[in-house]
Structure formats: C-alpha cells, structure tokens
Amino acid sequence: KALQNGGATSSITTEGTIIRYNVPVTMAGPASIEIYNVAGEKVRTIDLGVPSTNTYNYVEWDGRNALGEAVARGMYFWRVVDPQGRAKTGKVALIR
C-alpha cells in the first residue's frame, strides 16, 4: 500500500513500518523495493509502480516476508531498484 507523497502521516497506523525513500530523476520509471535482513537474505520485494522523482515517497511494509509470515523485530536494509538494476539503499527498524 503506497502512501501519499510528503505531508503529515499522523493518521496512519500500521503493524509494520513505513519506509521513506527518494528516487532521483536518473532512476525514473518502474521500480521495486527489496528488503533484506542483517544476514543479507532477501525478505520481501514490494512493487512500487512508477514512483515520483526528486521528492520523498512512502511505502508501508507490514513486517511480513514473501510467504506472509511475520519477521523478527530488528534492523532491516532496503534497496529501491529500477529496471536497469540501479539501486538506492537505506535502513529501517522494525519494532513490535
């Protein structure tokens, strides 16, 4: 579930976390976000469609892996990947 660009998010509740990311103009086009645990294992891939560029975007991650199972709380890393394989990375904490 993608959230609105910018603005306040005080009315949003989630069982997982919200990832804020920015896509540079050079990466414009369809993209996905890959989430990895600290061991470097891919936990989940979320299709982002075509996100806006040069602004903050938000995506909700429900804290579940590709099989729909809840993952452990802790630190996770994310990569926004475009069709050419270019990536932008970040980290997020999952607190339950």
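Biologist: What makes β3 and β6 count as paired, and in which sense do they pair?

Modeller: This is a predicted model. In it, β3 and β6 share 5 bridges and run in the antiparallel sense.

Biologist: Which strands form the open sheet, and in what order?

Modeller: The sheet has 4 strands in the order β4-β3-β6-β7, with antiparallel pairing. On average, neighbouring strands are turned by 25° against each other, direction ignored.

Biologist: Why are two of these strands called edge strands?

Modeller: β4 and β7 each pair on one side only, and they are the edge strands.

Biologist: How do you know that aspartate 82 is buried?

Modeller: Its relative accessibility is 3%. Buried means under 20%, so aspartate 82 counts as buried.

Biologist: What makes aspartate 82 and arginine 86 a salt bridge?

Modeller: Their closest N and O atoms are 2.7 Å apart. The cut-off is within 4 Å, so the pair qualifies. Arginine 86 has 36% relative accessibility. That value lies between 20% and 50%, so arginine 86 is partly exposed.

Biologist: Why is the contact of lysine 42 with glutamate 34 called a salt bridge?

Modeller: The N to O distance is 3.6 Å. A limit of 4 Å applies, so this pair is a salt bridge too. Glutamate 34 has a relative accessible area of 11% and is buried, while lysine 42, at 47%, is partly exposed. Glu34, Lys42 and Arg79 are linked in a network of salt bridges.

Biologist: Which parts does the salt bridge between arginine 44 and aspartate 62 tie together?

Modeller: The two side chains meet at 2.7 Å, N to O. Arginine 44 lies in strand β4 and aspartate 62 in the loop between β5 and β6, so the pair ties together parts that are 18 residues apart in sequence. Arginine 44 has a relative accessible area of 22% and aspartate 62 one of 30%. Both values lie between 20% and 50%, so each residue is partly exposed.

Biologist: How many salt bridges does the rule give?

Modeller: The count comes to 4.

Biologist: Which residues have the most contacts inside the largest nonpolar core?

Modeller: They are Ile19, Ile33, Trp61, Tyr76 and Val80, in a core of 18 residues. Among the elements that give two or more residues to this core are β3 (31-36) and β6 (74-81). Beyond its neighbours within four places in sequence, valine 80 is in contact with residues including Ile33, Leu48 and Arg86.

How values were computed. Residues are numbered from 1 along each chain as its sequence is written. This is a predicted model: local features need pLDDT of at least 70, side-chain atom pairs count only at pLDDT 80 or more; totals for chains, interfaces and linings use all residues. Side-chain values use heavy atoms; hydrogens and water are left out. A nonpolar core is a set of buried Ala, Val, Leu, Ile, Met, Phe, Trp, Tyr and Cys residues joined through side-chain atoms within 4.5 Å. Buried means under 20% relative accessible area, exposed over 50%, partly exposed in between (1.4 Å probe, protein chains only). Contact means heavy atoms within 4.5 Å. Two strands pair if DSSP finds at least two bridges between them. Axes are lines fitted to C-alpha atoms, for helices over the stretch in contact, and angles run from 0 to 180 degrees between N-to-C directions.
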